[in-house]
Amino acid sequence: MKTVSDNKKGLNAVIFCALTVIAIVFLYPLFFILINSFKGKLFISKDPFALPGGETFSGITNYVNGFTKTDMISAVGYSFFITIVSVFLIILFTSMTAYYITRIHSRLTSALYYMFVFSMIVPFQMVMFPMVGLADRFHLKNPIGMCILYLGFGAGLSVFMFSGFVKSIPLEIEEAAMIDGANPLESYFKVVFPILKPTAITVAILNAMWIWNDFLLPYLVIGVGTEYKTIPVVVQMLVGSNGNKDMGALMAMLVVAIIPIIIFYLCCQKYIIEGVVAGAVKG
Amino acid sequence: MEKTLKKYFVIFTVPTLIAFAFAFIAPFLMGVYLSFCKFTTIKNAQWIGFSNYAAVFGSSQNFLNSLLFTAMFTVVAIITINVFAFGIALLLTRKMKGTNLFRTIFFMPNLIGGIVLGYTWQQMINAVLYKYETTIVSSAKYGFWGLVLLMNWQMIGYMMIIYIAGLQNVPTELIEAAKIDGATAKQTLFKVTIPMVMPSITICMFLTLSNSFKLFDQNLALTNGAPMNKTQMLALNIYKTFYDKPGFEGVGQAKAVIFFIIVALIAVIQLRATRSREVQQ
C-alpha cells in the first residue's frame, strides 16, 4: 500500500509542477504588458522581455501620455455608465417580459418567445448596417441611446433565460398574492422577482461582461468623433488611426482597460463562473 | 389570474419590445430587403434582384478565401481548445491542493475583451518575431497561428470550467468498478470517463465552433486581415465590404445574409445534436 500512495504523491507533484508552468504561461501576457507599461517607449521594441529598471524605467510617463493623448478617462466613465444602466434596464424589463409571455398562453406570446430565441442565432453583421442607419435617424447616437440598443440586443438571451426559470415557479404563490388583493405588478415585484434573483444575477453577469467588452456597436453607433467613446473604442483608436504608434501609451492603456475587469472578477468570481456555465448550458 | 395579468400587456412587455424592434426586428427585416437592393444609406435603396448575391462570389470580393480561412481556423481552434481544456480539467479534478487558484487563473483571460486581447497578443507576438526581424503581418502563417494561440488562451479556461462540471458528475463508483475489473488508466478514460461527459463535449464543441466562426474583434486587432487580406475572417470581410468599399453596401448585406444562413444551419445542427443526446440518457 505504501508504494501506491507514494506513487500517487509523486504523480501529484508532477501534475502540480505542470499546472504551475501552465499558470505562468496564462499569466505571462498580462505581466508582459504590465512591465512594458513602465518602460520608455524606445526600450519596448528593443528589449521587450526585460524588466524595467535603471534607464529603461520611465515611471508613469506612459500613463500620463496615454491619458492626455486619448479620452481614456472619460471612456472609463462612459463604459461604466453604459454597462450599469444597460444591465439595470435588461434585468428590469426582460424579466417582466419573460414573466408575461410565460404566464399568458396565446399565439402572440408564443410568437414573441420564438422571435426572442431566433434573435440569439442571428450574427451582428446581419443587422449591423440597417441598425446603425436607424440609430442615426432616431437620435440614438448617445449613451442613453446605446443603453436602449443594448436592451434590444440583450433581450433574446435574457428573456430566454428568465422564461426557463419562470416556468419552474409554482403558480400557487402568485395566486395567493392575488387573492390577498395584490395587482399583477405588486405580485410580480414582491413575490416573483425575489424568486428570480439567482437567474437575475446570471443574466446580469453575462450581459455586463458582453457590454463592457463590446467594440463594434459603440464604434459604429457612437463613432470616434464624439465624446462618448467607450474603452474598447479608445484602445482601437490609439492603435488603428495614427501611423507613429506610441507603444508605451498603448501598453499603459491596455493595463488601464484590463484592471477593472480583473477587480470585478476577483470580487465576484463565484457568481461569474456559475453564471457563465449556466449561460453556456442554456444558450 | 391570466385575465388580470393580460390587461398589463403594455407595462410588462412594451419597453422590451420597443428596444427589440430598434435593435433587431426592424434591422433584420430591412437587412433581408436591402440585400436585394443597391444603396448607400438605408433611405436610397433601389431593387436590383439577385445581382448582389452573384457579386459576392466574384474573386475581388475575397469572400471564398475568407470562408476558407475561417473554416480552417475554426477546425484547428475546436480541436486544440477542447483537447487542452479537457486535459487541464482532468488534472484539476484530482482533488489536489491549489486547484481553486489554478481554476481562477485559467479562467481569467476569458473576461477580457477581444480588442484588448488582440492588441496584447499582437505586442507579445511582435516582440518574439522582432528577434527574427519580422512582424505578425508579414506572413499569413503568423497571423493564423497567432489567432489560434490567442483563442486558445482566451477560451481554454471557459471550456475547462464546463468540462470540470461534467467530470464532477461522473459517479466515482463507475471509475472504481472499472479499476476493479482491471482497466488501465487509458481504458478508463476512453471507455468510461469520455462517454460519460459526452454532453459537456457537445456543448463545448459548439461553443468553440460558433465563437470561432463569428470571430471579429480579435481578428481586427491582431492582424486586421494583413497581409493582403489573407488572414481576413468572414465577419471582418463583411465589415470591410460595408465600410471600406463605397458602392458595395448591397454586396456586403448579401454576404451578411449568407453568413447568417451558415450560422443558423450550425445552430440547427447543434439543437439536433443536443436533443438526440438528451433522449439517449
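Predicted model: local features only at pLDDT ≥ 70, side-chain atom pairs only at ≥ 80, totals over all residues.
For the complex, the predictor reports an ipTM of 0.91 together with a pTM of 0.92.

In chain B, domain 1 spans residues 2-52 and domain 2 spans residues 53-280, with 31 Å between the C-alpha centres of domain 1 of chain B and domain 2 of chain B. The two domains of chain B touch through eleven residues of domain 1 of chain B, which are in contact with eleven residues of domain 2 of chain B. On the side of domain 1 of chain B that touches domain 2 of chain B, at least two residues each are supplied by helix 2 (9-34), strand 1 (37-38) and helix 3 (51-56) of chain B, and the largest share, three residues, comes from helix 2 of chain B. Sorted by class, the residues on this side of domain 1 of chain B comprise five nonpolar, five polar and one charged.

Between the chains, 65 residues of chain A are in contact with 74 residues of chain B. The element that gives the most to the side of chain A that touches chain B is helix 1 (residues 2-36) of chain A, which provides eleven residues. The side of chain A that touches chain B is made up, by class, of 51 nonpolar, eleven polar and three charged residues.

One contact between the chains involves helix 6 (residues 124-137) of chain A and helix 2 of chain B, which pack at an angle of about 110 degrees with their axes 7 Å apart. Since angles of 65 to 115 degrees count as roughly perpendicular, helix 6 of chain A and helix 2 of chain B are therefore roughly perpendicular to each other. The crossing in which helix 6 of chain A passes helix 2 of chain B is right-handed. On the side of helix 6 of chain A, the contact is made by A:Met126, A:Val127, A:Pro130, A:Met131 and A:Leu134, while the residues of helix 2 of chain B that take part include B:Phe22, B:Phe24, B:Phe28 and B:Gly31. By class, the residues of this contact between helix 6 of chain A and helix 2 of chain B divide into 13 nonpolar, one polar and no charged.

A further helix pair lies within chain B, where helix 8 (residues 172-180) of chain B and helix 9 (residues 185-196) of chain B pack at an angle of about 165 degrees, with their axes 10 Å apart. Because angles over 145 degrees count as roughly antiparallel, helix 8 of chain B and helix 9 of chain B are described as roughly antiparallel to each other. The crossing of helix 8 of chain B and helix 9 of chain B is right-handed. Helix 8 of chain B contributes B:Leu174, B:Ile175, B:Ala178 and B:Lys179 to the contact, and helix 9 of chain B contributes B:Thr188, B:Val192 and B:Met196. By class, this contact of helix 8 of chain B with helix 9 of chain B contains five nonpolar, one polar and one charged residues.

Key: Residues numbered from 1 in each chain as written. Chains lettered and ligands numbered in written order. Contact = placed C-beta atoms within 7 Å. Helix = DSSP H or I, 4+ residues; strand = E, 2+ residues; numbered from the N terminus. Nonpolar A, V, L, I, M, F, W, Y, C, P; charged D, E, K, R; others polar. Axes fitted to C-alpha atoms, helices over the stretch in contact; angles between N-to-C directions. Parallel < 35°, antiparallel > 145°, perpendicular 65-115°, else oblique. Left-handed = near helix turned anticlockwise from the far one by under 90°. Domains from an automatic or database assignment.
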